[in-house]
Amino acid sequence: MLQEHFDYVNKDGVSTNIGPNAREILLQLAEKEFNRGNLENSIFHQIRLLYQSAQERYRPRHFTKDNSMSKTINVDELLAHMNADEKADLPNNALIQYALKTFKESPKEKVNSSDPCDIFRDISEPSEGVKRVQDICKQMPEEWTVLQLCKGFNTLSTYSKYSKIHESDAAIYVTILRHIRTCDYPKPICLRFSGVDQKELFNKFACIVDRFKQCVEGDHRKWNTVEDKQHYWKLLDELNNFIAVSRVAIYKKTMITSPLKSLQLAVADLKSFLFPWSFLFTGIPHTVFTAGNNMHELWRTIDAFCDQYQWNDQSRVLLSLAALNAHSLTNMQIEDVCTFLTGHSKQRAMAFDLLEQIRDQQELKTAVIDLTKNDDDKAYRYFPCVLIVDERLDHFYWEEINICQEFTRASSFQSLWRLYYLHRKNMEHGYLKVSITDDKNLSKMELRMSTFFDYWLPHWKKIVARKPTNDEFFKDLLTRSCYVYTGHGSGLQYINGRNIAKHILRSVVFLFGCDSCRLHTNGLYSELIGAHLYYQAAIPAIIGTIMPGLDANMDRVATEILSRWIAPNSANILPWNEVEMTSWIKKGIIKPATHSPKCNKSSQSPLPSSSTDYNYNMGSLCAVLARVHKRGGESKLYNTVPYVCRGLPVWNCHVEPLTFN
């Protein structure tokens, strides 16, 4: 029966006609094939099911100023529909004759039958589909690491209310689609994670947003007493911090006997759930593509070992990735990796010794670098890791697995390929090149954000405390390279999302509002929906949040992101990290902080300083976001974990040259 359903899904070669029913069929097939050891088949079904038919609603068309030109005219068909009087008048009608002649001589619009998004058109054979995926991965930037995260089969994940969709437990599949050795070993690799604690893991992440809302909801104007305020901050601290009645450490896992489900605990349990493979969430080091790197020597060592013991390509690639990141692995991780790769005790011991030797060599080389000089030293930076995230896992804080790594998210392999295909001519070193200089900004903001833009980017256009018109929205969004919204939600309350999705735009979009990039549902089952999907259909990259936030802290993080990535209007103003935050947050007054070398207590105005002296600005937007997850400017998890980047990695060439030599 399952095969009959699968044949129906593939009927007429329409691979995008995937709704909730077909999704469950493919997911059940994916799990069945994985359990049989047919990993290639399982990967094919997973990639297919993540591209939902609902995403077709957000697919844009190429934008032209004159939409009337989007339709061609067939002269013969026009003549055939003329009545007798019109035909009789035709020889004497010079205007119509000229128009018909022009239409005949004009080249017909070419119809592109190849759809860069529907990669499985007319493909139903898994081996053929995976071959197509391999071909596409080879065309993607060699600097990228691409991982796909898919939730396993569980009917409650589809036919349930929103909370139940998140709470339902299932395995998590992590598929390595692109990695540092893809050119030599292109076949994707799939790992399945499951365990007795997976239900608890899903429960913890499912309740975080509700717990946060319980903490902050209410009329804060009535909280006048010291006791009320202390209680408010206690609730937030409990959400943020790990608090447990008892904690018993066991082998590579942690047993928790506390009813408290905190952010810190959830993130820690996610890392434990992925043990020992969390190092897979690491991109390719910048040093790989520089002169004098020892990658070829490392691969020769790995290949010689694998050839000696006749290891297959999957084990060879996983051993290679472990070796590349050996400096970050503990002995326990190395032991578990080797246990997974081989059941032969002698080979396992030899592999352990090999990784241990590689780790010692890497640590010896990095020991000479003084990390105290610059915590963003390029020797320790990595190219982007692109996460293709199942909608039912999108509320997980995947970026917290490796807070030093640059991440961006995509909803499906097909969507990622489409974005890259559209913008590939402007890609370099795995980044979309942009130059954010003299731009305009469309936002609903109050005192804090308004004063920030007046200070940092006074040449930008602002719309403050009023509803923008459709004409203003599209004029600025379509013609500029950066768009910032600060206010409630995502800004779609002011504009029809379908009007955005109709176009292909070049803007990088920032949505600094609660749940601006969060998926949710209005019905009993997925597909889930989100305001960001309309933006994502039209633009290459978007920054937003996947949970609510506190307005003052959201403004603080927003200014940290914007000021790091976009250079100020003048080079002689105070770097934003040297501004007195309390004064700005409470009164909108910008002045030097006491730790700033430019602090002058007798003056209320900032003193000149060159932001470039402090290496303040960064070209990579994903790197700026990684700084947020490292809690450099804001320490609370509930203020930092919600921020995600969706789409392509982007680089602002105006503030830093895109070079890694």
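Which residue in E9 is the bridge partner of Glu-428? The partner is Tyr-431. Point 7 returns to that pair.

1. **Basis.** This is a predicted model: local features need pLDDT of at least 70, side-chain atom pairs count only at pLDDT 80 or more, and totals for chains, interfaces and linings use all residues. Residues are numbered from 1 along each chain as its sequence is written, and side-chain values use heavy atoms, with hydrogens and water left out.

2. **Overall make-up.** The protein has 23 helices and 14 strands. Helices (H or I, at least four residues) and strands (E, at least two) are DSSP runs, numbered from the N terminus. Of its 661 residues, 54% count as buried. Buried means under 20% relative accessible area, exposed means over 50%, and partly exposed lies in between (1.4 Å probe, protein chains only). Take the contacts between residues at least 6 apart in sequence: 74% of them join residues at least 24 apart. A contact here means heavy atoms within 4.5 Å.

3. Two strands pair if DSSP finds at least two bridges between them. E1 pairs with strand E6 (residues 385-389) in the parallel sense, over 5 bridges. Gln-148 stands opposite Ile-388 in E6. E1 also runs antiparallel to strand E2 (residues 172-178), joined by 6 bridges. There, Lys-151 faces Ile-172 of E2. E2 in turn is joined to E3 by 5 bridges, again antiparallel. Ile-176 has Ile-189 in E3 as its bridge partner. Strand E3 spans residues 189-193; 4 of its 5 residues are buried, so the rest of the structure largely encloses it.

4. **H13 against H15.** Helix H13 (residues 313-324) and helix H15 (residues 345-366) pack at an angle of about 30°, and their axes are 9 Å apart. The axes are lines fitted to C-alpha atoms, for helices over the stretch in contact, and angles run from 0 to 180 degrees between N-to-C directions. H13 and H15 are therefore roughly parallel to each other. Angles under 35 degrees count as roughly parallel, over 145 as roughly antiparallel, 65 to 115 as roughly perpendicular and the rest as oblique. On the H13 side, Leu-319, Ala-322, Ala-323 and Leu-324 take part; they meet Leu-354, Leu-355, Ile-358 and Gln-362 of H15. By class, this contact of H13 with H15 has 7 nonpolar residues, 1 polar and no charged. Ala, Val, Leu, Ile, Met, Phe, Trp, Tyr, Cys and Pro count as nonpolar, Asp, Glu, Lys and Arg as charged, and the others, Gly among them, as polar.

5. **Helix H16.** H16 runs over residues 413-423. Of its 11 residues, 9 are buried, so the helix is largely enclosed by the rest of the structure. The buried residues of H16 include Phe-413, Trp-417, Arg-418, Tyr-420 and His-423.

6. **The sheet with E8.** E8, E9 and E14 form an open sheet of 3 strands, in the order E8-E9-E14, with mixed pairing. Its edge strands are E8 and strand E14 (650-652), each of which pairs on one side only. E8 and E9 run antiparallel, joined by 2 bridges.

7. **Backbone points to check.** Most residues other than glycine have a negative phi, and most peptide bonds are trans. His-429, in the loop between strand E8 (427-428) and strand E9 (431-434), has a positive phi near 55°. At 29% relative accessibility, His-429 is partly exposed. Gln-310 also has a positive phi, near 55°. Gln-310 lies in the loop between H12 and H13 and is exposed, at 72% relative accessible area. A cis peptide bond joins Phe-275 and Pro-276, with omega about 5°. Pro-276 sits in the loop between helix H11 (263-273) and helix H12 (295-309).

8. **Cysteines.** The disulfide count is 0, with a disulfide taken as a pair of cysteine sulfur atoms within 2.5 Å. Cys-137 is buried, at 1% relative accessibility. Cys-404 is partly exposed, with a relative accessible area of 48%.
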